[in-house]
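My entries follow in the order I made them.

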Amino acid sequence: MSFALEIRNQVDLKGLNTMAVDATARQFADIESAGQLKQALEAARAQQLETLVLGSGSNLIFAGDFDGLVLHMSLRGRSWEQVQDNAAVLVLAAGENWHDAVLYAARSGYRGIENLALIPGTAGAAPVQNIGAYGVELCDTLQSVTALDCDSMAVITLAAEDCQFAYRDSLFKRNPGRYIILEIRLRLSRSAPLKLDYRDLQDYLSDCDAAELTALNVAEAVMAVRRRKLPDPETLPNTGSFFKNPVISQLQFDDLQKKFPEMVFYPMADGVKLAAAWLIDQAGWKGFRNSRVGIHNRQALVLVNHSGGSGEDVLALAEDVRGSVKEKFGVELEIEPGVVGTC
Ligand code: EPU
């Protein structure tokens with residue numbers, strides 16, 4: 001680790017976003033400690049430059065260049081705390097790779113995050129979206145988040161209850177620019193029940209004796225299921241689900257279900273959540289492609305960059321998809337990844 005902060009000019013971001021769109025940062029710094037983060041923020045403020053916190057760019061679309069300072073969160077480190085017979089707290093620095101951490105926990109015999117295997121991104125980005133898959137969300141095991149509060153410039157620790165977690169939502173997402181996550185703590189267990197309810201996972205594991213399964217077995221099953229449906233950003237650039245699953249009122253749902261009885265939905269406390277993938281698929285988009293970008297042919301919720309598509313190309317396609325879903329079903333889709341920079 002180097003202690004001196006290095007700020008570089010005109011840095012190419014194409015390799016730092018999983019949609020692989022071209023974009024340049026006016027300034028760029030690798031951040032390896034809280035001290036470097038404070039220095040970088042001071043440098044940005046002195047020049048009146050905007051900042052952008054970047055993990056591995058797996059949930060972000062560059063609409064154009066970024067005319068500010070990119071803070072590339074490269075803080076590393078993982079350790080265990082409060083180790084008891086059956087439980088322990090896994091501490092992850094913000095720049096740790098999420099999937100590696102999942103495998104590390106599972107190989108150490110701890111349960112709680114195995115269903116979140118293969119989600120691209122860093123540990124520090126995980127609470128922002130409250131990442132979730134196969135019936136598990138990060139907030140199920142998250143104990144606390146340590147962050148720099150950019151208003152007071154103090155390092156604070158927020159308990160999970162204070163993070164306003166909801167489906168793909170959190171305090172961090174609702175207050176962009178206020179908190180920069182430095183470290184997260186996850187409460188894991190050696191004996192908690194494995195969560196195997198999700199249909200795809202159940203089907204994959206149907207020949208196994210559930211009582212014999214380990215966290216690592218489940219992580220491997222999740223990896224296999226994801227690989228069957230979701231494109232690997234290394235070979236086909238994408239940012240995972242491009243839209244959130246929309247939640248509509250019971251009234252609107254009752255009306256829609258009369259017209260589309262086979263519609264995929266999940267009842268919620270405050271309405272009904274629809275499968276956006278089903279809506280997009282039914283609107284005829286699955287497998288669509290133009291010369292540069294398209295909709296994945298095995299999961300309609302994923303936009304992919306086939307060949308040199310720009311952020312503008314991706315966002316134009318997303319608008320077309322939103323428009324046609326709105327027209328056919330009267331439902332508004334919300335884009336999941338953050339959009340940064342100007343066209
Ligand atoms: N479906 C279609 N057409 C498709 C794909 C799916 O009709 O092309 C239908 C399926 O038959 C299924 C329903 O839509 O009944 C839901 O599909 P799936 O189980 O694949 O899940 P999803 O709601 O599309 C969510 C998450 C994924 C996560 C999976 C598994 C969101 C926005 N997405 O997708 O998360 O992996 O569940 O838990 O909540 C991500 O966030 O990047 C991501 C991949």
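I began with strand 14 and strand 16, which run antiparallel and are joined by two bridges. I noted the terms: helices (H or I, at least four residues) and strands (E, at least two) are DSSP runs numbered from the N terminus, and two strands pair if DSSP finds at least two bridges between them. Across this pairing, Ile 248 stands opposite Val 272 in strand 16.

I also put down what I am working from. This is a predicted model, in which local features need pLDDT of at least 70 and side-chain atom pairs count only at pLDDT 80 or more, while totals for chains, interfaces and linings use all residues. Residues are numbered from 1 along each chain as its sequence is written, and side-chain values use heavy atoms, with hydrogens and water left out.

I found three strands in an open sheet, in the order 14-16-15, with antiparallel pairing. Strand 14 (247-248) and strand 15 (265-268) are at the edges with a single partner strand each, so one side of each has no neighbour in the sheet. I looked up strand 15 and strand 16 (residues 271-274) next: four bridges join them, and they run antiparallel. The two form a hairpin with two residues between them. Tyr 266 stands opposite Lys 273 in strand 16, and Met 268 has Gly 271 as its bridge partner in strand 16.

I then checked what lies across these strands. Helix 7 (residues 250-259) lies across strand 14, strand 15 and strand 16, and runs at about 50° to strand 16. For such angles, axes are lines fitted to C-alpha atoms, for helices over the stretch in contact, and the angles run from 0 to 180 degrees between N-to-C directions; contact means heavy atoms within 4.5 Å.

I found four strands in an open sheet, in the order 1-2-5-3, with mixed pairing. Strand 1 and strand 3 (51-54) stand at its edges, each with a single partner strand, so one side of each is left without a neighbour in the sheet. On average, neighbouring strands here are turned by 35° against each other, direction ignored. Helix 1 (residues 34-46) packs on this sheet and touches strand 1, strand 2, strand 3 and strand 5, with its direction at about 175° to that of strand 5.

I went through the pairs. Strand 1 (residues 7-12) and strand 2 (residues 24-31) run antiparallel over five bridges, and Arg 8 has Phe 28 as its bridge partner in strand 2. Strand 2 and strand 5 (residues 66-73) run parallel, joined by six bridges. Strand 3 pairs with strand 5 in the parallel sense over four bridges. Leu 69 in strand 5 is the bridge partner of Gln 27 and also of Thr 51.

Which residues are closest to the ligand? I listed Tyr 134, Tyr 167, Arg 168, Tyr 198 and Asp 281, out of 23 that surround it, a residue being near if one of its heavy atoms lies within 4 Å. Helix 8 gives the largest share of this shell, three residues.

I looked up polar contacts (pairs of N or O atoms within 3.5 Å). A ligand oxygen atom is 2.4 Å from an N or O atom in the side chain of Tyr 198, and a ligand nitrogen atom is 2.7 Å from one in the side chain of Asp 281.

Note on methods
Polar contact = N/O pair within 3.5 Å; in protein donor to acceptor, adjacent residues only side chain to side chain.
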